[in-house]
Amino acid sequence: MNVHSKFADKICSTFSQSDCNNVLESNAAKLWGVLGWSEVGLGYFFSNVLMIVFLPQLIPLMALINIFTLPYSFWSIWYQKLKAKQWCPLCLIVQVLLWGILIVDVIFGYLQLPGGIELQNTIVVGCIYILLIFTFNLLVPKLSEGNQVEQLRQEINSIKTNEIVFLTLLKNEPYYGLDKSTSNIILGNHDGKILITVFTNPHCDPCARMHARIEELLKQNDELCIQYIFGSFHESLNSSNKFLIAIYQHYNMDETEKIYSEWFTKGKHEKELFFKKYLVNFENEKTETEFKKHELWKLNSMITSTPTIFVNGHKLPYNYKIEDFAFFSEL
């Protein structure tokens, strides 16, 4: 059914010449080329369970129907041995179950002659089997597609978190001469071996969303060094850059992170009121020096879009996002 399972894989590897996929994906794995035998079997056994639990009076009829399924076991074993030349342990387990049901029916006396079975019950049982078999044939492929997508996502993530793969892609990206001296606005671990630089505009909404993502990232990985470079692209907004720089210089790290979060959440829309709430002097030499460093880098890099992410001076590869660094501690 194309559903990945470690337990099923262990069963399928029981024999030296066994491959469930080769058998289950062969042309003979579908009845009339439409109904998959796996889905037919699932519908059949699920129907039996439902009727045993909720309609036990139908068990004699189920026992009779089970007899008509037994020829399938001979065909299945013949096909695996002579045609596919591969054994499917899961398929063999199904055949054992069919014969096991027969033995139970005989021991407990469930088998009855057809004359003792009512037509109404026959119709009910037939409808249950048909309904569930067709339901599983429609439903399982959809579930299988979802499982395959999830499996593919996990495989891609395992490749993306491979440091060799990432470094190869990273070194193919342009280098922008960034290091920890480019900006002193650093969150997270100052001694972290991975320097993630965020070129951000204090007044853009995507930058605000990026800041929230960075906050979550630092909760998952406190080994990262997150560096901010502020750039507003308009002189009238330079005061916001200076204000955020002064906040960092004036407050401790916890307070700075709290104020930054508040700024990107709502403060950026009413900056003058926010300036009054947190009275810091951002017209001083220390703040001006830091501000000019940001402006100089912006001018030299010619980057005009925010937010832009860099890793150890290189632009973040296209196929990666900031959340991927929850799995990296060093490069």
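Is Cys-91 buried or exposed? At 13% relative accessibility, Cys-91 counts as buried, where buried means under 20% relative accessible area, exposed means over 50%, and partly exposed lies in between (1.4 Å probe, protein chains only). Cys-127, by its relative accessible area of 48%, is partly exposed.

The model is predicted, so local features need pLDDT of at least 70 and side-chain atom pairs count only at pLDDT 80 or more, while totals for chains, interfaces and linings use all residues. Residues are numbered from 1 along each chain as its sequence is written, and side-chain values use heavy atoms, with hydrogens and water left out.

One disulfide was counted. A disulfide here is a pair of cysteine sulfur atoms within 2.5 Å. The link joins Cys-204 and Cys-207, with 2.2 Å between the sulfur atoms. It is right-handed, at 100 degrees about the S-S bond. Cys-204 and Cys-207 are both buried.

Aromatic rings were examined next. The search of the whole structure gave 24 aromatic pairs. Rings of Phe, Tyr and Trp (its six-membered ring) pair if their centres lie within 6.5 Å; planes under 30 degrees apart count as stacked, over 60 as edge-to-face, and the rest as tilted. One of the pairs is formed by Tyr-251 and Tyr-278. Its centres are 6.4 Å apart, and an angle of 85 degrees between the planes makes it edge-to-face. This pair links distant parts of the chain, 27 residues apart. Tyr-251 sits in the loop between α9 (238–250) and α10 (253–265). Tyr-278 sits in the loop between α11 (271–277) and α12 (285–301). Helices (H or I, at least four residues) and strands (E, at least two) are DSSP runs, numbered from the N terminus. Tyr-251 is partly exposed, at 22% relative accessible area. Tyr-278 is buried, at 10% relative accessibility.

Trp-297 and Phe-310 form another pair, with ring centres 5.5 Å apart. Their planes meet at 85 degrees, so this pair is edge-to-face. Trp-297 belongs to helix α12 and Phe-310 to strand β6 (residues 308–311), so the pair ties together parts that are 13 residues apart in sequence. Both residues, Trp-297 and Phe-310, are buried.

Ring pairs also build a cluster. Its members are Phe-243, Tyr-251, Trp-263, Phe-274, Phe-275, Tyr-278 and Phe-282. Tyr-251 and Tyr-278, the edge-to-face pair described above, are thus named within this cluster.

A charge also sits over a ring. Lys-242 lies over the face of Phe-291, 4.9 Å from the ring centre. The criterion is NZ of Lys or CZ of Arg within 6 Å of the ring centre and within 35 degrees of the ring normal.
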